[in-house]
Amino acid sequence: MTKSSTLNENAIRPDHLMARSFELLEEDTQRLMQDKDEFVSVTCPACGHVEASSYGTKRGMTFLECHQCETVYGSPRPKPERLAQYYREATYYAYWNKYIYPSSEEARRERIVKPRVERILGFVEQHGIPKRRMIEVGAGTGLFCEMMKQSGSFEEIVAIEPTPSSADSCEKRGLEVLRQPIETVPADKGNAQLIVSFEVLEHLFSPKTYLEHCIRLLAPGGMLVVTCPSAKGFDVSLLRTVADTVTPEHLNLFNPKSLKLLFESNNLEVIELLTPGRLDADIVRKKTMAGKFSLESHPFLKKVLIDEWEQLGEKIQNFLAENLLSSHMWIVARKPSI
Ligand SMILES: [Zn+2]
């Protein structure tokens, strides 16, 4: 929010590298959308409801909004095998693994991953979860698993990461890596007291199937922690298809109510739901200042986000985060003890 946190933001997403990464993302999604004829229509990924209104289109992907739970979802969407091919071949992720993650690792460690580790260990302590085996699904370059390992809290830490370049990076950190999608991980690799998954759920063809596999790998009474964007958060609600969060890659944009519904309908007990985001107000401000969004018909927000930003920016963001109004969502749930 302040000048110094803007500088920190640049340390995490360096401007000179981000522009190129966005070009690659655009090219990748264009290639994906060329196969649109083979996409399949789906019902609401949270509640299964059939009826939905049009939400808008982004780079050729049609988004719908469920009449029952207001989840925003891409439909028709690529079949699971086409999605797997997309992530295998995407130049955007290869670019991040080669340039952005290595150059921003120290800033990420401090600003993103350390608070994540602390928050999760807080949940683990608070709910008396035994610290035996932890699995991260979609471990990426393995930074979170490495910092969990350094914390000395869990006896065993396992990274599930099917993307070869990311799995290599996990291995270089000395982590145990399962180089396969969660669907094919055998049950004897499970029995985890804690499973975590950051920013994965929104990318999947079937979040329900994914949760079923997480549950399969959890020990009875085990804890599942998932983060994903909320379509009801401040920046997405305002910007809608102008938001970077609304992209053909993000097929499922839940909200606090619908995410809870999805978890509970899979027989998980939801124990925490929070939106500790830090960036919503700044995202809308930046889109406005770049001329991509107008606050002319929102004079109140213009006052808060532009005219009196230095005095009010951080306060409005804190308000959003504390009232389930940020677009960055966390859910913590438990598998029944039998
Ligand atoms: Zn729904």
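This is a predicted model: local features need pLDDT of at least 70, side-chain atom pairs count only at pLDDT 80 or more; totals for chains, interfaces and linings use all residues.
Helices here are DSSP runs of H or I with at least four residues, strands are DSSP runs of E with at least two, and both are numbered from the N terminus. With that in hand, the loop that holds Pro76 is the one between S3 and helix H3 (80-89).

**Figure 1. The whole chain, with its 12 helices and 11 strands.**
The C-alpha trace spans about 55 × 45 × 35 Å along its principal axes. Of the 338 residues, 41% are buried. If you take the contacts between residues at least 6 apart in sequence, 71% of them join residues at least 24 apart.

**Figure 2. An open sheet of four strands, in the order S1-S2-S3-S9.**
Strands of a sheet pair through backbone hydrogen bonds, either parallel or antiparallel. In this sheet the pairing is antiparallel. Strand S1 (52-58) and strand S9 (252-253) are the edge strands; each has a single partner, so one side of each is left without a neighbour in the sheet. Further in, strand S2 (residues 61-66) is joined to strand S3 (residues 72-74) by three bridges. To find your way along this pair, look for Glu65, which stands opposite Val72 in S3.

**Figure 3. Loops around the sheet, with Arg59 and Pro76.**
The loop between S1 and S2 contains Arg59. Although Arg59 is not a glycine, its phi is positive, at about 45°. Arg59 is partly exposed, with 15 other C-beta atoms within 10 Å. In the loop between S3 and helix H3 (80-89) you will find Pro76. The peptide bond that joins Ser75 and Pro76 is cis, with omega about 0°.

**Figure 4. Helix H12 (residues 309-322) and its two faces.**
H12 has 14 residues and reaches 19 Å from its first C-alpha to its last, close to the 20 Å expected at 1.5 Å a residue. Its buried residues are Ile316, Gln317, Leu320 and Ala321. They cover an arc of only 135° around the axis, which puts them on the same side of H12. An α-helix has 3.6 residues a turn, so residues three or four places apart point the same way. The cover over the buried residues of H12 includes helix H8 (234-239), helix H10 (280-289) and helix H11 (299-307). Turned away from the buried side is a face that carries the exposed residues Gln311, Lys315 and Glu322. After H12 comes Leu324, which has a positive phi near 60°.

**Figure 5. Asn267 in the loop between helix H9 (256-265) and strand S10 (269-274).**
Is Asn267 buried or exposed? Asn267 has 12 other C-beta atoms within 10 Å, and a residue counts as exposed at 12 or fewer, so Asn267 is exposed. Its phi is near 65°, a positive value in a residue other than glycine.

Leu218 is buried, with 23 other C-beta atoms within 10 Å. For a sense of scale, the C-alpha atoms of Leu218 and Ile306 are separated by 46 Å, with the two residues 88 apart along the chain.

Definitions and conventions:
Residues are numbered from 1 along each chain as its sequence is written. A residue is buried if 20 or more other C-beta atoms lie within 10 Å of its own, exposed if 12 or fewer, and partly exposed in between; C-beta atoms are placed from the backbone. Two residues are in contact if their C-beta atoms, placed from the backbone, lie within 7 Å. Two strands pair if DSSP finds at least two bridges between them. The expected span of a helix is 1.5 Å times one less than its number of residues. The arc is that of the directions from the helix axis to the C-beta atoms.
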